[in-house]
Amino acid sequence: MLRAVVRVSAGTAAVLGLRRYRLLVPPTTAYLMVGEGCRYSCAFCPQAQASAGRRDRLSRVVWPPAAKEEVVLAVREAARAGKIKRVCLQVVHSRGIWAPVLDMVTALAACGLPVCVSCSPATLRRIGQLLEVGADGVTIPLDAACCRVYRAVKSGSWQRRWQLLEGAAVRFPGRIGTHLIVGLGETEREMLECLQRLHDQGVRVGLFAFTPVRGTPLAQTPPPPVGTYRRIQAGWFLIRTGACSYADMRFAPDGRVVDYGLASQQLEELLKTGEAFRTTGCPDCNRPYYNERPGGVVYNYPRPLTEAEARECILQMEECGEEDGDALALDR
Ligand code: SF4
C-alpha cells in the first residue's frame, strides 16, 4: 500500500507532545491531514493544484509531517490523558489516497475517540466504507453557499456536491457534516438560506471565515467584514436552536440581514451567552486560530466567551461597513 504523508496541525502537534509550540488555546480535537498535492483546484486552498502556496499549510495553520505510527500512538496517549476528545482527519485528494485513508481511520478509531473524516468522496459507497472502518462522521465540504460562488472558486459542480450531501444525510442520518466559508463572494442571504437548507437535511455545519493565504489565487481577497460574520453566526445559531428560521428573516437589497423576525430584546437575550460566536461543527471541534491571527479579529471563539466579549460580538453585528442606514439595529 502507498504510504501517505501524515501531517499534524501545529496546535495538535503541541498537545500530542510531538513538537514544542506555545499555545494560547489548546485544540480539543486532534487535527490530522493525509495526502499531498490535491487534484481539485479550490482558489482559497494552499493544497490545490493551482496553488503556489506552502504544502505544509491549510488555511493559515502550519502542519508539520510526522510518522503515522508515532501519531497514532500519541493520539492514543492523549485520549487516555483526556487531552483531546475527537480526531479530525482532513484528506487531500491525491492519487492513490483512498487505501491509506481507510487504513488511517481504522488505526485512529482504535484509539477510543470519535473520528471524523473531512473529504470529498465521489459516492455514497465510499462514505459507507469510511463509516464501516470506524469513522464517527464524514464531512463533505461544500465551502461555497451557492452555485455562483462555487463556480468562481472551486472545480466541479455545486449541484452534484449538494446531491451527494443530501443523499448521504438520508442514508447515514446524524453522521454527515459540511463546511461553509463566509466571505467567498456570497451574500448574507445566500449563506443563511444555505444554512437553513442544510439544517433541514440534518447536516452539521462547520462555519469558517475566508482567510487569504499567500500563493493562492485569492491571496489578495480580504477576509469577511466582522459585522457580516457576526450576523451569519447569529443567524446560524438562531436556526440551529430553533429560535427562528430563514423564512422569518428580512434582508436589505444587497442581501444583508436586517431582521431575524425577533424582538431586539429577545434577540439580545438569546445571544448574550456568546454561544453563537463559538466555533461550530463536530462536537468538541474548537479549531483555535484556524482563521485568525493572535491579536486580530476572533471570528470563531475556541472557548466560552466572557460577558464583555459576548457584548462586543453583539455590537459588531450592527457594523455594516457602509453609509446607508438599513442595518441591523438592536434597541438598548
Ligand atoms: S467540523 Fe471540525 S472536527 Fe468536524 S470535520 Fe470540520 S474541522 Fe474536522
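A crossing of two helices is called left-handed if the near helix is turned anticlockwise from the far one by less than a right angle, and right-handed if it is turned clockwise. Helices here (H or I, at least four residues) and strands (E, at least two) are DSSP runs, numbered from the N terminus.

Before we use that, some ground rules. This is a predicted model, where local features need pLDDT of at least 70, side-chain atom pairs count only at pLDDT 80 or more, and totals for chains, interfaces and linings use all residues. Residues are numbered from 1 along each chain as its sequence is written.

**Two helices side by side**

Let's start with α7 and α8. Two packed helices are described by the angle between their axes and the distance between the axes. Helix α7 (residues 188-201) packs with α8 at about 25°, and their axes are 10 Å apart. That makes α7 roughly parallel to α8; angles under 35 degrees get that label, while over 145 is roughly antiparallel, 65 to 115 roughly perpendicular and the rest oblique. The axes are lines fitted to C-alpha atoms, for helices over the stretch in contact, and the angles run from 0 to 180 degrees between N-to-C directions. As for the handedness, α7 passes α8 in a right-handed crossing.

Who meets whom? On the α7 side you'll find E188, M191, L192, L195, Q196 and H199, and on the α8 side T228, R231, I232, G235, W236, I239 and R240. Contact here means that the C-beta atoms of two residues, placed from the backbone, lie within 7 Å. The residues of this contact divide into 6 nonpolar, 4 polar and 3 charged.

**A helix with a buried face**

Next comes α10 (residues 307-316), where A310, C313 and I314 are buried. Seen down the axis of α10, its buried residues fall within an arc of 100°, so they line one face of the helix. The arc is that of the directions from the helix axis to the C-beta atoms. Those buried residues of α10 pack against α8 (226-240) and α9 (264-271).

"Buried" means that 20 or more other C-beta atoms lie within 10 Å of a residue's own, "exposed" means 12 or fewer, and "partly exposed" is in between, with C-beta atoms placed from the backbone.

**Stops in the loops**

Now for some loop residues. The loop between β10 (204-209) and α8 holds P224, and P217 lies in that loop between β10 and α8 too. P224 touches V182, G183, A209, F210 and Y229, leaving out residues up to four places away in sequence. G17 sits in the loop between α1 (10-15) and β2 (29-34), and is exposed, with 12 other C-beta atoms within 10 Å.

| Pair | Apart in sequence | C-alpha to C-alpha |
|---|---|---|
| P224 and V182 | 42 residues | 6.7 Å |
| P217 and A43 | 174 residues | 5.3 Å |
| G17 and V71 | 54 residues | 9.8 Å |

Most residues other than glycine have a negative phi. D143 has a positive phi of about 65° although it is not a glycine, and D284 also has a positive phi of about 65°. D143 lies in the loop between β8 (137-139) and α5 (147-153), and counts as buried with 21 C-beta neighbours inside 10 Å. D284 is in the loop between α9 and α10, and counts as partly exposed with 15 such neighbours inside 10 Å.

How values were computed. Ala, Val, Leu, Ile, Met, Phe, Trp, Tyr, Cys and Pro count as nonpolar, Asp, Glu, Lys and Arg as charged, and the others, Gly among them, as polar.
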